[in-house]
Amino acid sequence: MSTGTSDRMRGDGGGEPQPESVRKLHDIALGIERVGLISLRAPVLSAIVLAVLTIAAVFGVERIKVDDSLSQLFRSDSAEYKQFQEVTRRFPSSEFDVLVVVEGKTLLERDSLEKLRDLVTDLQLIEGTRGIISLFSARQPPEGGRLPAPLFPEELPQGAEYEKLKERVLTNEIIRGKLLAEDGTLALIVLALDPAIVQTKGLADTVREIRKTMAEDLAGTELTAQLSGVPVMQLEIRTAVERDRLIYNAFGFSAGCLIAILFFRRVSFMIIAAAPPLLAILLALGVLGWLDFRLNMFLNVMTPLIMVISFSDSMQLTFAARDRLIAGENKYDAFRNAVLVVGPACVLTHGTAGISFIALQFSDSDLIRTFGEAGLVATVIALFAVLSLVPLLGVLLVRKEATFAAQIKGADTGVDWLRRFCRWVAVRMVSRPGLYSLISVLAVGGLAFIYASLEPRYRLADQVPDKRQAVAASSRLDVKLTGANPIDVLVEFPKGASLYALETLATIAAVHAVVEKQAGVGNVWSLESLRRWLAEKVGKADVETLKQYVDLLPEYLTRRFISAEQDAVVVAGRIPDIDASQLLPVVETLDKTLGAVRAAHPGYRISVTGLSAIAARNSANMIGKLNRGLTIEIVFVAAFIGLAFRSFVVMFASILPGIFPVVLAGTLLWMMGQGLQFASVVALTVSFGLGLSATIHFLNRLRLEDKPGADPGVGVERATILVGPALILTSVVLACGLAVTVFSDLPSLRLFGWLSAFAMLAALTADLLILRPTAMFLTSLARRIGGEPLPSQAAE
């Protein structure tokens, strides 16, 4: 059996089927593959249309913008998110605050403090800033009815008087533990930016000027300064996304050209194989730009994904046409037959990838749903680009077919070696199909058990570049000042209630007390902070005095806690950036404790909000829904493939190799001590659809090679030898294309990339070691029971 198969590999175009077999393939793709024949009939007109579309796509790419919002994962139509948006609109402090973190053991030494005060003064003069809060904002108790003097005098004292000043600073309840660490080694400066600057390209100039000012003013000291806060994180995300796009495009272009030239050893065939995926990337990104999609941490990986989706099929079509040319066909017949034979499998592979993206529509996150929509659009474009461009470029670039065939025959060392390897694998897999199928079931079942134990994980830091300043600065705030991430309690008044009504003030005081006593929450600020200070330092905290001091504060400061309409306030706290599973008990306990305040003050609406609270409440549920969506997708895709092939054998044969890469990748996450993050579950969802490409191409070839009444092992072995080399090479290259994301500054993209690459290689392993014996076993079983037609008979 093996020898006979090997002998037929040479001289007949790789054993390509005759026209009657080609007819059988049409049904599985509804004839969609015939789109590729249009460019063969009118190559010049097709080339003109392609040029026009390419020009339009270039303009579309220029329209693509970056979505750098930190809340993009949780953006939805839910009441909770709408409330968060409303709080952000009415109390826009955290969205526009740059956090300047200054640290050093000499922070409170006189010379360092002078330098730090110069820095605070200079920061206020930078264009685009509108206010600043620092330890120099603190005031002394008022004397004689006069306005309170600054805590730091204009001329800093020396000697014993300076030591007394340090003691007053370290014990000042307004700044201690909020703007100054308990040990006096870290200071927080909150620099409020103009909202108009944050939303424009001017943010980069402003942040650059802030960094320059820090470096100049703190020169000669032992102090270090870093930036964090939402605007800085947004800028770092924006920079990382734009940088990554350049890297991925360059690497995708280089990888595609390199493998094509190594594989085909002809520049013309390199262009035929590599150009369609690259043009598919351009066309897809152009359409996304015209449709006003915005680049984000997931859409940024669309370039390597399009490469993955289209490159495998482009290689299969080119390889098939190359075999036809070697067999002696002219270029028109060679590419026509390649489209008719391989094209249906290309349609199905893109179809399964499209189903993977459709599965993401089950997510509650607008970001992930948008990623799914963009992926579906890109998949459709990639399909038509590959089917049309491969034959078009083939007839335009291939010259002297007879000379080419004569040169290649007998000199295909690399391809021959891969075919021998594929034959070696196939012979062993079909020798004991029942045993290998049983081992496959047990292995997948064991891996699935481990996969089911994975817990959802989410941290804000995973969405922000971790090789830049923002994450490092936030981590220092976590250590020294209880955290950098805001958590807010919104207090909305009953209609007609005044801000200074006694019950309103009592409600704010009660909420403030609950928040500051909550374990895990610190740095609590509200109107109650000012009232307490007045009670302790001024000796009175009546309504008139409180109102007088509120009116003295600048508007940018009061808007942090009091709405412009004075019908709501915020009690603001800070929490460390910990996993959502650890944060959720804090949020739930806080909300439960606030129940007593709600009962004591009916009519006042009290809500725990903020991005941290939304993440804690929703991340586990959203990841769980995505994971369940993956399960639904696996069942649906298997049914889709079985329906396309009109065969229960094909449907069941595709399940194990489809599940294997998902559960193996999940097991790897478990071994590394990681759980399921948004990036990992999306990677597994997409990888499942993409990984089935090898399965579909093999089943499509098996459909041709399996003959009624013949040994099914012959068909399995022959199909493996014919499609195996292209599958192996493309899988390796595509895994490398996805793995390039490890160079990203975004942790979520790095996780997405390497996990997808691993899943692609696992899918290749499953295709070689699981699909072959399973298909052989199920085919033999179907023959014995006589109730299931063979793949080769299903379309007759």
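Predicted model: local features only at pLDDT ≥ 70, side-chain atom pairs only at ≥ 80, totals over all residues.
## Burial and the basis of this report

A residue is called buried when its relative accessible area is under 20%, exposed when that value is over 50%, and partly exposed in between.

The model holds 25 salt bridges. In one of them Arg 560 pairs with Asp 97, and the closest N and O atoms lie 2.6 Å apart. This pair links distant parts of the chain, with Arg 560 in the loop between helix 22 (555–558) and strand 9 (568–575) and Asp 97 in strand 2 (residues 97–103), 463 residues apart. Both partners, Arg 560 and Asp 97, are buried.

A salt bridge also joins Lys 480 to Asp 183, where the closest N and O atoms are 2.7 Å apart. Because Lys 480 lies in helix 18 (residues 469–480) and Asp 183 in the loop between helix 7 (159–171) and strand 4 (186–193), the pair ties together parts that are 297 residues apart in sequence. Lys 480 counts as partly exposed because its relative accessibility is 22%, and Asp 183, at 44% relative accessibility, likewise counts as partly exposed.

Arg 459 forms a salt bridge with Asp 577, with 3.4 Å between the closest N and O atoms. Here too the pair links distant parts of the chain, since Arg 459 sits in the loop between helix 17 (433–451) and helix 18 while Asp 577 sits in the loop between strand 9 and helix 23 (580–600), 118 residues apart. Arg 459 has a relative accessible area of 30% and is therefore partly exposed, whereas Asp 577, with a relative accessible area of 14%, is buried.

Salt bridges also occur as a network, in which Arg 90, Glu 492, Asp 567 and Arg 605 are linked.

Asp 767 belongs to helix 29 (residues 747–785). Its relative accessible area is 0%, so Asp 767 counts as buried. When its neighbours within four places in sequence are left aside, Asp 767 is in contact with Ala 694, Thr 695, Phe 698, Leu 727 and Arg 772.

Arg 63, Lys 65, Lys 201 and Arg 294 form a positive surface patch. One of these residues, Arg 63, is located in the loop between helix 4 (43–62) and strand 1 (65–66), and it counts as partly exposed because its relative accessibility is 36%.

## Positive phi in two loop residues

Most residues other than glycine have a negative phi. Asp 292, however, has a phi near 70 degrees, a positive value in a residue other than glycine. Asp 292 is placed in the loop between helix 11 (267–290) and strand 6 (294–295), and its relative accessibility of 46% means that it counts as partly exposed.

Arg 646 also has a positive phi, near 55 degrees, and is again a residue other than glycine. The loop that holds Arg 646 runs between helix 24 (611–645) and helix 25 (648–653), and Arg 646 is partly exposed, with a relative accessible area of 48%.

Methods:
Residues numbered from 1 in each chain as written. Heavy atoms only, no water. Patch = residues over 30% accessible without salt bridge, like charges linked within 9 Å, V, L, I, M, F, W, Y side chains within 5 Å. Areas by Shrake-Rupley, 256 points an atom, 1.4 Å probe, with all protein chains shown as cover. Salt bridge = Lys/Arg side-chain N within 4 Å of Asp/Glu carboxyl O. Lys, Arg positive; Asp, Glu negative; His and termini not counted. Charge placed at Lys NZ, Arg CZ, Asp CG, Glu CD. Helix = DSSP H or I, 4+ residues; strand = E, 2+ residues; numbered from the N terminus. Buried < 20%, exposed > 50% of the residue type's maximum accessible area, 1.4 Å probe, protein only. Contact = heavy atoms within 4.5 Å.
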